[in-house]
Every structure is written in C-alpha cells, then in structure tokens.
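Reader: I would like to go through the labels used for this model and hear what stands behind each of them.
Author: Ask in any order; the structure comes first.

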Amino acid sequence: MTEKIDILSLSRGELQSEIEALGEKKFRADQIYDWLHVKKITDFSKMTNLSAQLRERLVERFWINSIKIKKRLVSDIDNTVKYLYELSDAEHVETVLMEYKHGNSICISSQVGCKMGCKFCASTKAGYVRDLTASEMLLQIYESEKDSGRRIDHIVLMGIGEPLDNFDNVIKFLRLMEEKPDMSLRHISLSTCGLVDRIYELAELKLGITLSISLHAPTDELRSSIMPINDRYNIAELMKACRYYFDTTGRRISYEFALIDGVNDNKQTADALIKLLKGQNCHVNLIPVNAIKEGVFKKSRSVEAFKEMLCQGGINATVRRTLGADINAACGQLRRDNQ
Ligand code: SAH
C-alpha cells in the first residue's frame, strides 16, 4: 500500500493536481482547501459539501496532521505565551507567541532538536531527532491562533532547529504562507546560524522574507569557539553570502548578536564588529544571552554600552526587548525540561 499523503503540507496547486488525479473537478480542491485552511477542520467527515463517497476516497488517500498542546505557559508581565506542542509521533517542539506594538508575532520551530551545536543554546544539547514537515510548521500557527484567540501578523523561524538544514520543508511552508491572503512573506523572518550554500539558494528564490544571521562574534577565532558551524563556513564566506543575498533580493540583513558576559561584550569586539559590517546595509539585533541550565554563559552586563559603541561606529543597532522573562523563554528549555 502506498503511504497516505500529508494533505496539510500541500499547496493549493498541489492539492488541485491530487484531486484532479482522483478524477474530480478542480473546484473540489478549492472546497477542500477551504475546509483545511480557512475553517481549519481536522476530520474529512466534517467536509459536508462533499459526497460521502468522495470523503471516503479522501480518507484512503490522505491524512490530516494535528498537534496537541502539551504545556502552556503565560507570562504575567507581557502576555507572552509559550507552548510545548506534541507532534503526531509524540516528539515535542516549542512555539512562542509575543505581543508587540505592531501586532502579534509567533516564533516557530523547524526541527525536533538541532545538529548545529552552538554552545549557548539549549535546543541543541540533546542533538537532532528529525525535520519538521511543512504541516507541522503550519499547525504551530493554526493551534496557537486557535488557543490564544490572537491573530498572528509576523512569523519568525527562530525556534528549535536550523531552518536552512530543513530547506525543502521550510520552503514548502513558506509557499503555504505565500498563498494566504492575510499574510505577506515580508512579515516573515528566517534565522540561520549561517549555512552559506543554502543562503545562496534562498537568495535565488527571491521570496521577500527577512534573513536573520546569528553572528554572535566578529572574528573566526571567537565565533568558532561558540559556534561549530564557523569551522565549516567562516566569517568571510558568510559575509560574501550575505552581501549576495542583499544584492539579489534587496532585503536588508538582520544580524543577531547574543551578548555574553566576558565573552563578546567588550570594546575590542564592538570595534571588530563595526569594522566587519561597515558599509553594509544591515541591522544588528542585540540580545542579552539567556543563561541555560547546561551552560556556563551569563547575560552581559554591558548591553547598552555595547549598543552605544556600535551606534557611534555607524552601525544600526537595537536591543531586543526581553519578553516572557517570568516563563523562561530561552529557546529549547521547555522541551529539555520535559525530556
Ligand atoms: N538555528 C537558527 C534558528 C534557531 S536559534 C539560528 O541559529 O539562527 C534562534 C536564535 O536564538 C539564534 O540567533 C540563536 O543564536 C539564538 N539563541 C540560542 N540560544 C540562545 C540563548 N541562550 N540566549 C540568547 N539567544 C540564543
């Protein structure tokens, strides 16, 4: 028997082809799409404008993926909601919902675990388990919207996992988002630790998303000491790819810089960062590092001073507001605690 198709991972066009292959008219695919993505039903039997016979054939050929809330933490300070979701194979991922002045933003996971091994990150501590499917990325949004009653305006691929290490499924997911009348790819950011080959591939697709680069250090020596990926693609290669991304897409790169006490928060590092980014049309997002249980790193005490140094050096920098401080929003920590 052939495996059933994960229907929520199909784009509208793919769904049309599948439905036509069953000998059905194209408008049936639109009806099904509406049940799945507008009414968001979870069972073929509820698709009441389809014949019982067609519904049976759908059940034979497709399945509707779902995810369950395993844990929900709500911040008393700023309404941030952190979800631990259970996937259909009982693996877990995290999703965070945040309120900003300009709307609601959701941070979704792209893999169960991570291979990248960044020293300060909880998501990678127990290694990599598997990639998420497009439907599992989508369902983090659908379930969080349903549970919270909030409408999501911005999406960041910044949860557990390295999105460019799950390239095909992430692109599928972005294509699903592109089809939504109330979502624009300009409202989506993808964060990567710097898989250079994939950055070039992504640039060619000209999707209009914002690319965030987890830089965290301006020299190879320092970066390699906290991010193993730097031994595969060094900073010069990464910068070349970033310039290419900007030249090809016209989208300004956002660099993330997690400030760690005594590691990368001194004047020498700021000067090296200014030199590295000078002349690039970019933005630096400074994040006081979240201390994790397994780690030795502590939050920097000179975040504002570091920002001032960058700004005086002509680099556009802001400090990311800390959200959900009372619910420990450090990425990957909730899943780790559950294990
Ligand atoms: N793998 C991707 C996306 C997931 S991590 C990436 O590396 O970009 C999302 C962001 O959180 C990255 O910038 C990552 O470096 C950062 N991050 C991970 N652990 C952190 C911690 N303990 N404190 C602050 N930022 C952290």
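**Labels and their grounds**

Author: This is a predicted model. Ile64 is found in the loop that links β2 (62-63) and β3 (68-74).

Reader: Why is Ile64 called buried?
Author: The cut-off for buried is under 20% relative accessible area. Ile64 has a relative accessible area of 13%, so Ile64 is buried. Its C-alpha is 6.2 Å from that of Asp6, although Ile64 and Asp6 are 58 residues apart in sequence.

Reader: What makes Leu176 buried?
Author: Leu176 sits in helix α5. Its relative accessibility is 3%, and therefore Leu176 counts as buried. Between the C-alpha atoms of Leu176 and Leu138, which are 38 residues apart along the chain, there are 8.1 Å.

Reader: Why is strand β10 described as largely enclosed by the rest of the structure?
Author: In strand β10 (residues 188-192), five of the five residues are buried, so the strand is largely enclosed by the rest of the structure. Both faces are covered: one side has Ile188, Leu190 and Thr192, the other has Ser189 and Ser191, and all are buried.

Reader: What makes β10 a partner of strand β9 and of strand β11?
Author: Two strands pair if there are at least two bridges between them. Strand β9 (residues 152-157) is joined to β10 by three bridges, and the two run parallel. Ile155 has Ile188 as its bridge partner in β10. From β9 the chain passes through helix α5 (residues 167-178) to β10, in a right-handed β-α-β crossover. On to strand β11 (residues 210-214), β10 has four bridges, again with parallel strands. Ser191 has Ser212 as its bridge partner in β11. Here the chain goes from β10 through helix α6 (residues 196-205) to β11, and this β-α-β crossover is right-handed.

Reader: What makes a space count as a cavity here, and how many are there?
Author: A cavity is a set of points where a 1.4 Å probe fits but cannot get out. By this rule there is one cavity of 30 Å³ or more. The largest cavity holds about 30 Å³ of space. Its lining consists of Phe120, Val289, Asn290, Ala291, Ile292, Gly295, Val296 and Phe297. By class, the lining of the largest cavity has six nonpolar, two polar and no charged residues.

Reader: What lines the second largest pocket?
Author: The second largest pocket has a volume of about 330 Å³. Its lining has 18 residues, and the closest to the centre are His37, Lys40, Lys180, Pro181 and Asp182. At least two residues of the lining come from each of α2 (26-37), α4 (134-148) and β9.

Reader: How does that lining divide by class?
Author: The lining of the second largest pocket has nine nonpolar, one polar and eight charged residues. Lys and Asp count as charged, whereas Pro counts as nonpolar.

Terms used:
Residues numbered from 1 in each chain as written. Predicted model: local features only at pLDDT ≥ 70, side-chain atom pairs only at ≥ 80, totals over all residues. Heavy atoms only, no water. 1 Å grid on protein atoms, 1.4 Å probe; cavity = no way out; pocket = protein on both sides within 12 Å on 5 of 7 lines; lining within 4 Å. Points joined across faces, edges and corners; volume = space filled by probe spheres on them. Buried < 20%, exposed > 50% of the residue type's maximum accessible area, 1.4 Å probe, protein only. Right-handed = clockwise from strand over helix to strand, strands pointing away.
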